[in-house]
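Here is a short tour of a structure, taken one topic at a time.

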Amino acid sequence: MIKRLLAALSPVVRPELTGNAESPEVDNTAYSPDSRVDLITGANDNTTITDKVCSIVEQKPTIGWWGFFLLAFSVLGLLGIFVPFLIFWGVGTWGVNNPVGWGYAIVNFVFWVGIGHAGTLISAILFLFRQKWRTSINRAAEAMTIFAVICAGMFPGIHVGRAWFAYWMFPLPNQMELWPNFRSPLIWDVFAVGTYFTVSLLFWYMGMIPDLATLRDRAKHSVRKIAYGALSLGWTGSNRQWHVYERSYLLLAALATPLVLSVHSVVSFDFAVSQVPGWHTTIFPPYFVAGAIFSGFAMVLTLLVPARQLFGLKDVITLKHLENMNKIIMLTGLLVGYAYSQEFFMAWYGGVKVEKFAFINRAFGQYAWAYWIMVSCNVLAPQIFWFKKMRTNIWVMFAVSIFVNIGMWFERFVITVTSLANDYTSSAWDYYSPKLADVMIMLGAFGLFFTLFALFCRFLPFIAMSEVRGVLADQAHSRAAASARHSSEAAADSASGS
Amino acid sequence: MSAEMNSSVEVVTITAETATDVKPVLMLAEFETADLLMEAATRIRDEGFKLWDCHTPYPVHGLDSAMGIRPTLLPWIVLCGGFTGFCGGLLMQGWMNAVDYPFLISGKPFFSIPASIPVAFELTILLSAFGSFGGMLALNGFPRFYRPHFRSDRFRRATADRFFISIEGRDRQFDIGANSKLLRELGANAVEVIEE
């Protein structure tokens, strides 16, 4: 059955169409203490890597790409319909009520900001830790970050109700001589997310400059020559430029590391600084950051598992890369599970009546269904990664990544809605359920995200080629060193033997 | 653009068609591997060349010292950016909420350090990042869309899989015959001169 389905799909997904047919799946996940595994498998060198990555951009898009793009673009159309609808009619078109004033918009905002975090973790934190395996995936993950933050940024803009006053969020001089209230965590969010977007964009673009120059130097059409020429700023690969560039990249990584930890901490302050039971907890910042990385890695997998197949990049984004990501998903999933349990412990240990009620109500109240979806997707699903066979299985990891995406969306739903729906006074309780506009705008954001990602695949270098070349050089050096060691050992053996 | 072969020393000369007062501006030597480039760069440095450079498709480790490049002052630019961001962030919040339009909300102080930290921190990072990116552009002279290197077709592979040494015509030791001979000896598989 599955085989027949795959056979039917093969004209759509077959990598020959991108010219990258020679990309077999190689199991490079075996652990060996005395030699490092190859991060780039197959007989690849600088030339083949360059051809492979550039051909994605240079050749005509495949049917698979068109299908994906058009589907995503039509889902994006939902935003085109429902956002104007919302702006015209006001937030009454949403299901928000009193007491639940924060509905899907805030859930989606927190969800999308969180998705972004994996990109920055891969590009900045793994860079500082000198994790070479980041080089194959960092470009796509950073692109994902940018697009996720675009989706996130949209929601507060439309959630303010009168969207034409959204610029009031910024401290701009105005004739009323009013300024934002800097004692509110909501304005901290404006600065945190704004900075996060700007710095991520700079980091992403800067990393791309050498690769854009590669595309410029290979370009045949004048439009491409001009576009990539302008974007690559006149890069010549000069070592004097590389010297400044690398220092700048390192500094940006060092800046992005505390930034990414701060962004979801500040997002969690939106909740934690308030007095609402279930929100007013000190565990929120680390708990949100762990959850953000967890959901972000799941989204990276959701995007990269099909992309490496479609673009024939199985020897660049290898099983080792995927397995490493699965390990991070498992780790952060355990952290998130620990945070869930600690919330309950502290609610009991703290002895505050409303806090105790808030958590019992979360698990067994009117939103128990959402709570248990969250627990089973976030805590139970990743446990399958304890088994290596599952960790290195494409289908299993893709399924888990989808579960985690769903689970993390529900986590934000549970946190936002259950706490507001049932707070101190039972006379003010209500049940929140979304309306059509809520659901459609949520779907539309996914359309926006996948449309941008499809365009990125098509027009920008999908893999950080210059960084992968560095990894290839290291691989060649360590191989040469190993063979020299072997031959000297053999010589020593034969000398002692005689 | 015209290219002609100088048979005696095997140097290809590329001349800009628009050039009126033709003089050599750049010599390019192509190397097959990073190891060859590294040895050649060490030699060029020791010969005392000043206006020269290596071009590589990825940052080659050890090439900085082989070329004798001194550390960049970029970190200081970033520090200035960060300092400006932090102080500016604190001053902005204090001035806006406590001086220009003081308003009392939930009995909180008009200005306090803890409540001001998140915004000041974000601005520290933001301005440092601007310093890092802007400083990189400024120190590298970006954007500069035209460079004589781009007249060479061979040089297109400098961003893919070949390694180059370039010597500028303005260098005191620039001499087509002697330099191309030296580069050949160092293992260059092609030498080109760009005139304009």
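Predicted model: local features only at pLDDT ≥ 70, side-chain atom pairs only at ≥ 80, totals over all residues.

## A buried strand

Let's turn to strand β4 of chain B, residues 52-55. Trp52(B) and Cys54(B) point one way from this strand, while Asp53(B) and His55(B) point the other way, and all are buried.

Strand β4(B) runs antiparallel to strand β5 of chain B (residues 163-168), and four bridges join the two. Within β5(B), Ile167(B) is the bridge partner of Trp52(B).

## Where the chains meet

The contact between the chains draws 52 residues from chain B and 49 residues from chain A. On the side of chain B that touches chain A, at least two residues each come from β4, α2 (63-67), α3 (74-100) and α4 (113-140). Helix α4(B) gives the largest share of that side, with 17 residues.

By residue type, the side of chain B that touches chain A comprises 31 nonpolar, 12 polar and nine charged residues.

## A tryptophan in a loop of chain A

Over in chain A, Trp168(A) sits in the loop between α5 (138-159) and α6 (185-218). Is Trp168(A) buried, exposed or partly exposed? Trp168(A) counts as partly exposed because it has 14 C-beta neighbours inside 10 Å, whereas a buried residue would need 20 or more and an exposed one 12 or fewer.

Trp168(A) and Trp179(A) are separated by 11 residues in sequence, and their C-alpha atoms are 8.5 Å apart in space.

Terms used: Residues numbered from 1 in each chain as written. Chains lettered and ligands numbered in written order. Pairing = 2+ DSSP bridges. Contact = placed C-beta atoms within 7 Å. Nonpolar A, V, L, I, M, F, W, Y, C, P; charged D, E, K, R; others polar.
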